[in-house]
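Q: Kindly present the structure, so that the terms used to describe it can be set against their definitions.

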Amino acid sequence: MGGSLFLATLWELWLSRNKSVFEGILTNSWQVCLSSQSLSRALSDMFHTVSLRFPVPRWVGWSPHTEDCAILNTDGSVAEAKAGFGGVIRLHDGSWVQGSCGNLHGAEIIEVELVGIFQGLRLCHRLELAKVHCQTDSLTAVKWIQEGVSPCHCFANLVTQIRELLSLPWNASITHVLPPEDLVSLLLADAAGQRSLRV
């Protein structure tokens with residue numbers, strides 16, 4: 001408002017001077033101030049710039065589910081040629097069932113994510129959990145698992161094993177979640193990558 005107030009004050013001073021010189025009408029200084037403020041507000045409203053609006057932050061974290069099911073959160077981590085994966089199984093209310101982690105050497109992040117999903121689903125099946133929702137932050141892994149990959153794909157065997165696990169006679173599904181939906185699985189993956197932790 002500072003620039004518009006300055007311009008409005010100059011305009012009102014010029015008008016009051018012209019009224020005094022050409023019409024003989026004297027204007028009080030408080031009238032010039034009020035007119036300047038009013039004109040400044042009008043100018044600001046007329047040339048109002050649109051303020052940048054940032055999206056409302058979305059708080060991400062594990063939240064209980066309404067369905068009676070087990071939730072498997074998996075994650076992978078690669079740092080300095082050390083790779084680890086982790087998985088956490090909880091009931092729908094958040095109570096802990098089991099966790100797992102392991103490491104791979106010289107692996108890509110997508111491979112680690114896929115191995116984490118495979119090991120987690122295999123553990124859920126061994127525990128005879130009837131209904132499982134697997135959640136991962138790897139959109140690529142979810143896409144490959146849901147749509148399948150070419151038999152020539154470098155991770156075709158792993159993706160096929162996961163798809164076969166999901167097709168067994170139990171209610172299992174996989175979905176993408178924003179990171180870090182579950183910090184525990186990421187911490188397990190990081191710890192496994194730094195140490196020789198195995199499933």
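Q: What joins the side chains of Asn73 and Gln135?

A: A polar contact of 2.8 Å joins them. The term denotes a pair of N or O atoms within 3.5 Å; within protein, one must be able to donate a hydrogen and the other to accept it, and residues adjacent in sequence count only if both atoms are side-chain atoms. This is a predicted model, in which local features need pLDDT of at least 70 and side-chain atom pairs count only at pLDDT 80 or more, while totals for chains, interfaces and linings use all residues. Residues are numbered from 1 along each chain as its sequence is written, and side-chain values use heavy atoms, with hydrogens and water left out.

Q: What makes strand 1 and strand 2 a pair?

A: Two strands pair if DSSP finds at least two bridges between them. Ten bridges join strand 1 to strand 2, and the two run antiparallel. In strand 2, Val88 is the bridge partner of Asn73. The two strands form a hairpin with two residues between them, and Glu80 in the turn has a positive phi of about 50°.

Q: Which sense, parallel or antiparallel, do strand 1 and strand 4 follow?

A: Strand 1 and strand 4 (residues 131–136) run parallel and are joined by five bridges. One of the facing pairs is Leu72 with its bridge partner Cys134 in strand 4.

Q: In what sense do strand 2 and strand 3 pair, and over how many bridges?

A: Strand 2 (residues 82–91) and strand 3 (residues 96–105) pair in the antiparallel sense over nine bridges. Ala83 stands opposite Leu104 in strand 3. This hairpin has four residues between its strands, and Gly94 in the turn has a positive phi of about 100°.

Q: How many aromatic pairs does the structure hold, and why is the pair of Trp11 and Trp14 called tilted?

A: The structure holds two aromatic pairs. The rings of Trp11 and Trp14 have centres 5.3 Å apart and planes at 35°, so the pair is tilted. Rings of Phe, Tyr and Trp (its six-membered ring) pair if their centres lie within 6.5 Å; planes under 30 degrees apart count as stacked, over 60 as edge-to-face and the rest as tilted. The two residues are three apart in helix 1 (residues 2–23), and are therefore separated by about one helical turn. Trp11 is partly exposed, at a relative accessible area of 44%, and Trp14 is partly exposed, also at 44%.

Q: How does the span of helix 5 agree with its twelve residues?

A: The expected span is 1.5 Å times one less than the number of residues. For the twelve residues of helix 5 (residues 156–167) this should be 16 Å, and the end C-alpha atoms are 16 Å apart, which agrees.

Q: Which residues of helix 5 are buried, and what covers them?

A: The buried residues are Ala156, Leu158, Val159, Ile162, Leu165 and Leu166. Their cover includes helix 3 (109–126), helix 4 (139–147) and strand 5 (171–176), where contact means heavy atoms within 4.5 Å.

Conventions
Buried < 20%, exposed > 50% of the residue type's maximum accessible area, 1.4 Å probe, protein only.
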